[in-house]
Amino acid sequence: MALTEMKRKRHPKAAVAAGLFEVCEFFWFCFLQNNAIKTSKYNFFTFLPLNLFEQFQRVANAYFLFLLVLQLIPQVSSLSWYTTVVPLVLVLSMTGVKDAIDDMYRHDSDKQLNNQPVLVLVNGMIKEEKWMNIKVGDIIKLQNNNSVTADMLLLSSSEPCSLTYIETAELDGETNLKVRQALTVTSNLGDNLEKLNTFKGEVRCEPPNNKLDEFKGILIYENEKYSLDNEKMLLRGCTIRNTDWCYGLVIYAGHDTKLMQNSGKTIFKRTNIDHLMNVLVFWIFPFLAGMCCILAIGHGIWDNQKGYYFQIYLPQKEEFTAPSVSTFLIFWSYLIILNTVVPISLYVSVEIIRLGNSFYINWDRKMFYIPYNTPAQAHTTTLNEELGQIQYVFSDKTGTLTQNIMVFIKCSINGRSYGIHNLLSIRKHLLPRELIYQAQSPDEEALVTAARNFGFVFHSRTSETITVIEMGVTKVYKLLAILDFNNVRKRMSVIVQTPTGKVILFCKGADTIIWELLHSTCRFLQDVTMEHLDEFAGDGLRTLAVAFRELDEETFQSWSRKHYEASISLEDREEKLGLVYEEIEKDMMLLGATAIEDKLQDGVPETIAILIKANINLWILTGDKQETAVNIAYACNMLSDDMDDVFIINAKDSSMVLQELRSARNKMKPGSLLETDPVTAFLARTKRKNFIMPEEVATGSFGLVINGHSLAHALEKNMEVELLRTACMCKSVICCRVTPLQKAQMVELVKKYKQVVTLAIGDGANDVSMIKAAHIGVGISGQEGMQAVLASDFSFAQFRFLQRLLLVHGRWSYLRMCKFLRYFFYKNFAFTLVHFWYGFFSGFSAQTIYDEWFIAFYNLVYTSLPVLALTLFDQDVNDLWSLRFPELYEPGQYNLYFNKKEFVKCIIYGIYSSLVLFFVPYGSTYNSVQSSGKDISDYQSFALIVQTSLLVVATVQVGLETAYWTTVNQFFIWGSLILYFSLMFLLYSDGLCLLFPNTFRFLGTARNSLIQPQVWLTILLTVVLCLLPVAVYRFLRIELVPTKVDKVLSKIRECMKYPLPPPPRMRLRRTSSRRSAYAFAHQHGFGALITSGKNMKSRAKFGFGDNFSSLK
């Protein structure tokens, strides 16, 4: 095996070799990998070339660059170059500025993360260094509550036997403490800097990977080899708890750490509307080419038949007189003239709209969380309208739905139910000064804290004793045995000897388990307690039962010998211990039950209920254990006893997982396993790898719970479709014990087979991968660091703000964007197609019908401000009505307001308007004269009438689209018309036309034409004929075939006249016969560790202000 070593100036004797199986290819990993994280795209030197390269990958930008080149050819261009240069430069500049601002935020985030301080061993001294400068092979020192800088091998710590307590919330969402232990051979190093500096060791390890619960490696030290596993590792993202200090050797750094390996790749996210616009632009190209071909052919025919007679007026160079050459050049000339059918200003307008709507999110005071002083933030400006199209929400649980706070609420003691206030009123004396516990799980911390508050203070513990202060009296219990928890037993027991010499077994666990172990004399008390448990569970509380058994000396000694024999067994030790535990955990007497509230964030159940009404599917993806996740789902009303069934998928092999999924699907949709089922038949016929899964409807209301082991099999290629079919028919889906990578895989699975928009929301580093995978990523700025926020597209402090983000900002953004696109394509088709009709009356000469200045200003000035006001201020209903009627959100989910069908409608309406705009003025001015007898049918007067009619039509159309009038709307609409007439009189004035005759050619046209009543009547008739069809269509559609949204809006208008009472406040109580399980540790308990005494060290007597661990 090859070995790659790394020599360090800081610590010359430490060496790391990457590759237990593959070494050579990781040569650079060992030598160069530092701890810097980079999410930015540009730097000062690469910004301009890279950004321009990205922008010209847009078809429209490349197309207009091509047009600009054409316009520089005199024989082709009939328009001045500035008509294309000005909008192109404006688009590129504004997009570039936006991209630069976005990347500056990424630079700031990277800088904040990379510049965090850490203590490093350098030449025998501890020095402070920045995170980004840490390299593989460095030895770093971490202190209590420090975040782990990189993936490192634990060398030593302040705790006995070099134990280190860590919290892994950012990795797996679990808030319980875990223990890591250094090798004995390195634990002797302690905090002796001289020994650490002279440490000579080599680590050989597997290449960087994303397996959070697995590490394979060896340490070669003093010619001996020591096996390394995950229990010896501190991973980036963990937090040191209850440990004064520890030292570690950096194994993986930067993007090679397991946290970053699970973060997934940063994907450039584009909205559905972006993709649709690209498709439509590709549609427009052949449409444009077809028009140019028709006009070019027409020119060839005209030139062949009549062109000779016009040579005196249209002289051509000899080399261009051939009809074929002339036709070829005219094709490109018309391509330039008709280029506005592919609107370049579309993209810059879209960016401005998105930027404005992003500011609304940042400024929304109703999404500002005062306790954390945290506003909502839009980290990207390109995804706003997609917030109004979400159909699937994937949510983390811990810290996202919950507060990570467990509170003791109620209990039942000897058949009597107590609330927290009852218990406090019983106890009259003062509470001791506050103790702070660090427990194995939040539930246990809540129980110990509650006992302390009621006068029974867990004070200290050794490997053999437990000291408790009972109502001011100190008592010492001898710890005889711990019967540890595991997922099969669902209980844990402890055997102690009281100060009076009695031997008592205390047991706590799920009530369904404890009930089977009680003495027959407890029947009545059991029934009463069961009623209390039903009440507790109905309130969504986490319950457990507590029982005891008094043991005589002979029974205990006999059992203790069996326990010892089982504990030293080399074969089937766990099974033997389980049987021994069962021998003594029987005939117990019931003490009562406790109820703990896993505090949800404020407004979570109400938010979920509103999202469900908005036809949004919510799936929970959590690293937490099944009982905890299911319990939270019931508390959130995602699962309920009203459901027809809740399927639990927990098989260990692929065949059983497949069988359970199919069984569930067959129950939800009988006959779905048969070949005659439409969806099954479709899947059998489909040979494509990527296809859209048809919708299936279940016969009732169902839920699905699946754990990580089963999910690993279900996500295999041959089974993923089965998983998706079953999950999508369920009202709620809960995936528990899943890895960060599995979270991303679930999101990708839905994206792959369902034509829907997805959103992922989480608060920890373990959620980064799914946040990046989803169409929209939302970070909760909570208690688990800033990784999720930094990777997200939007962030805020509380889950309840999600309803406002989607149903208010998202819906408004989608509605505004769709109105803008319909209007924009309409006005540009109407504008451009007038040129097409004019070609038939101008000898197909590629002459423009409009003044060149009107062409340059039409999109950028005259029609931009009114539609900008529409897209920034318009709202069909206000935010309160949007939240009260979530069904208003549904059109966005199915993209009803702008799609290919709506685009075709825009084209048809634009064609109709262009016919009216050309032929009505043409007919009214044909052979017409003024009252003075002068001719008014000249080209310039005709052009003025057409362009004025067009602008008035476009402006009034904005008014018809506006549902919410503001002062700004009024100002921009009337202001655009005033600006048009002001610029027209200026540009057609005698002064400019005489000074620059080649640039300003419409001398006196405005003054001479607009004084004629016939001109104004023509404009009025044209406007009425253009707008009449759309007004009639909208009236008839609402009256004859109203949509669901039309009916809701009508109801809202009625409510505004006759206000409804406020909606009733949602009750969080639920009636349930299901036992609400409590959460022990998410791994095997620490009983063996406690009784071994390894985690004990002599310390000064505890004071009431001390911190200590209550690993029980």
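The entries below go through helix pairs, then the sheet, then single loop residues.

**Entry: H16 and H17**

I kept in mind that this is a predicted model. I began with helix H16, residues 553-567, and helix H17, residues 573-584. They pack at an angle of about 165°, and their axes are 8 Å apart. That angle makes H16 roughly antiparallel to H17, because angles over 145 degrees count as such. I also looked up the handedness: H16 passes H17 in a left-handed crossing.

Which residues of H16 meet H17? I found Trp559, Lys562, His563, Ala566 and Ser567 on the H16 side. On the H17 side I listed Arg573, Lys576, Leu577, Val580, Tyr581, Glu583 and Ile584. Sorted by class, this contact of H16 with H17 holds six nonpolar, two polar and four charged residues.

The spacing within these lists recalled a general point. An α-helix has 3.6 residues a turn, so residues three or four places apart point the same way.

**Entry: H23 and H24**

Next I took helix H23 (residues 720-728) and helix H24 (residues 740-753). Their packing angle is about 85°, with the axes 11 Å apart. H23 is therefore roughly perpendicular to H24. From H23, the contact uses Glu720, Val721, Leu723 and Leu724. From H24, it uses Met746, Leu749, Val750, Lys752 and Tyr753. I classed the residues of this contact of H23 with H24 as seven nonpolar, no polar and two charged.

Then I asked how many residues of H23 are buried. The count is nine of nine, and H23 is mostly covered. The buried residues of H23 include the charged-class names Glu720, Glu722 and Arg725. Val721, Leu723, Leu724, Thr726, Ala727 and Cys728 are buried as well.

**Entry: the six-stranded sheet**

I traced an open sheet of six strands. Their order is E3-E2-E4-E13-E5-E11, and the pairing is antiparallel. Which strands are at the edges? They are strand E3 (125-130) and strand E11 (233-234), and each pairs on one side only.

Inside the sheet I checked strand E4, residues 139-143, against strand E13, residues 245-252. The two pair in the antiparallel sense over five bridges. One position I noted is Gln143, whose bridge partner in E13 is Trp245.

**Entry: Asp602**

I located Asp602 in the loop between strand E25 (589-600) and helix H18 (604-613). Is Asp602 buried, exposed or partly exposed? Its relative accessibility is 48%, so Asp602 counts as partly exposed. I then searched for contacts, leaving aside neighbours within four places in sequence. Asp602 is in contact with Gln403, Gln798 and Arg800. Asp602 and Arg800 are 198 residues apart in sequence, yet their C-alpha atoms are 7.0 Å apart in space.

Most residues other than glycine have a negative phi. I therefore noted two asparagines with positive values.

Phi of Asn223 is near 65°. Asn223 is in the loop between strand E9 (217-221) and strand E10 (224-228). With 78% relative accessibility, Asn223 counts as exposed.

Phi of Asn637 is also near 65°. I placed Asn637 in the loop between helix H19 (626-635) and strand E27 (645-649). Asn637 has a relative accessible area of 27% and is partly exposed.

Note on methods:
Residues numbered from 1 in each chain as written. Predicted model: local features only at pLDDT ≥ 70, side-chain atom pairs only at ≥ 80, totals over all residues. Heavy atoms only, no water. Axes fitted to C-alpha atoms, helices over the stretch in contact; angles between N-to-C directions. Helix = DSSP H or I, 4+ residues; strand = E, 2+ residues; numbered from the N terminus. Parallel < 35°, antiparallel > 145°, perpendicular 65-115°, else oblique. Left-handed = near helix turned anticlockwise from the far one by under 90°. Contact = heavy atoms within 4.5 Å. Pairing = 2+ DSSP bridges. Buried < 20%, exposed > 50% of the residue type's maximum accessible area, 1.4 Å probe, protein only.
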